[in-house]
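Look at the sequence and the 3D structure together.

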Amino acid sequence: MKTYKFKILFIAICASLLFVQCDDDDNGNVIVQETCDDGIQNGDEEGVDCGGTACEPCLQELDFSGTYRQEDIMGRPGINTVFSGTDQLKNNFNTTIVSDRADFQDDFQARLELYHDVYGNALGVMIDYETNILGLDAATFTTVLAQFDALQVSPTGETTYFNPNTGVALTGRTLSDDVIDVSLTLMFGGMSGTRFDGNNGTPQLTSDGVDAGDRDFSLSFPYMESPNE
């Protein structure tokens, strides 16, 4: 009878060793089968419940050590594209911090005056830059463009690309701002009575003739216009 009981006990111990395993973190937990959500590193996991053949890859911890170089800067992409005459100048502008951009003013002014030469040639008249609608001469205007090309946040001020009613300009933009028309107005629009205001038979280059149509900017992106019927 005793021999029979010992056999039963021996079989039970073998069965428990065969179907039950302990984890390897010495915390006394006993599991039947490792899973990807049991809160411990087991099986071929590379971390706790991650990596290996069954679990999702482990998240790699970002390494912010080392030396970094600025490759680009978030500003108004159109300003750099329009006023930088070469790819090298554009790249240099992108990699220069905003407070160090004074050296670009001369290049921006030269490009602004070149546009007026091209515009004048197209009209068959001699055209030079005149004080723009903000009352800025060429040097001051291009200084604003070069040295303040950064997105600005004013919790209490107006955010607009240009508001002719308040005279506020380049403090940001709203979705409904027509940045092309505003840019043309600031570049070619005179204050009053100039040949850039449409008088004296000279067309004014202050609009590309494309507006927002019937887009509703209160809806979600991509702000599609109604299809033509």
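A nonpolar core is a set of buried Ala, Val, Leu, Ile, Met, Phe, Trp, Tyr and Cys residues joined through side-chain atoms within 4.5 Å. Buried here means under 20% relative accessible area. The model shown is predicted. Its largest nonpolar core has 23 residues, and F83, F108, L112, F141 and L145 touch the most other members. At least two residues of this core come from each of α2 (77-83), α3 (87-94), α4 (105-123), α5 (138-147) and α6 (179-188). The largest share, 5 residues, is supplied by α6. In soluble globular proteins, nonpolar side chains tend to be buried together.

Leaving aside residues up to four places away in sequence, F141 touches L112, Y129, N132, L136, L186 and M187.

Now turn to helix α5. Its buried residues are A138, F141, T142, L145 and A146. Why do they lie on the same side of α5? They cover an arc of only 130 degrees around the axis, and therefore share one side of the helix.

Next comes a pocket. The second largest pocket has a volume of about 180 Å³. Its lining consists of R173, L175, S176, D177, D178, V179, I180, V210, D211, A212 and F217. By class, that lining has 6 nonpolar, 1 polar and 4 charged residues.

Finally, consider L114, which is in helix α4. L114 counts as partly exposed because its relative accessibility is 36%. In sequence, L114 and D128 are 14 residues apart, while their C-alpha atoms are 9.0 Å apart in space.

Note on methods. Residues are numbered from 1 along each chain as its sequence is written. This is a predicted model: local features need pLDDT of at least 70, side-chain atom pairs count only at pLDDT 80 or more; totals for chains, interfaces and linings use all residues. Side-chain values use heavy atoms; hydrogens and water are left out. Buried means under 20% relative accessible area, exposed over 50%, partly exposed in between (1.4 Å probe, protein chains only). Helices (H or I, at least four residues) and strands (E, at least two) are DSSP runs, numbered from the N terminus. Contact means heavy atoms within 4.5 Å. On a 1 Å grid over the protein atoms alone, a cavity is a set of points where a 1.4 Å probe fits but cannot get out, and a pocket is an open set with protein on both sides within 12 Å along at least five of seven lines; lining residues have an atom within 4 Å of a point. Grid points are joined across faces, edges and corners, and a volume is the space filled by probe spheres set on the points. Ala, Val, Leu, Ile, Met, Phe, Trp, Tyr, Cys and Pro count as nonpolar, Asp, Glu, Lys and Arg as charged, and the others, Gly among them, as polar. The arc is that of the directions from the helix axis to the C-beta atoms.
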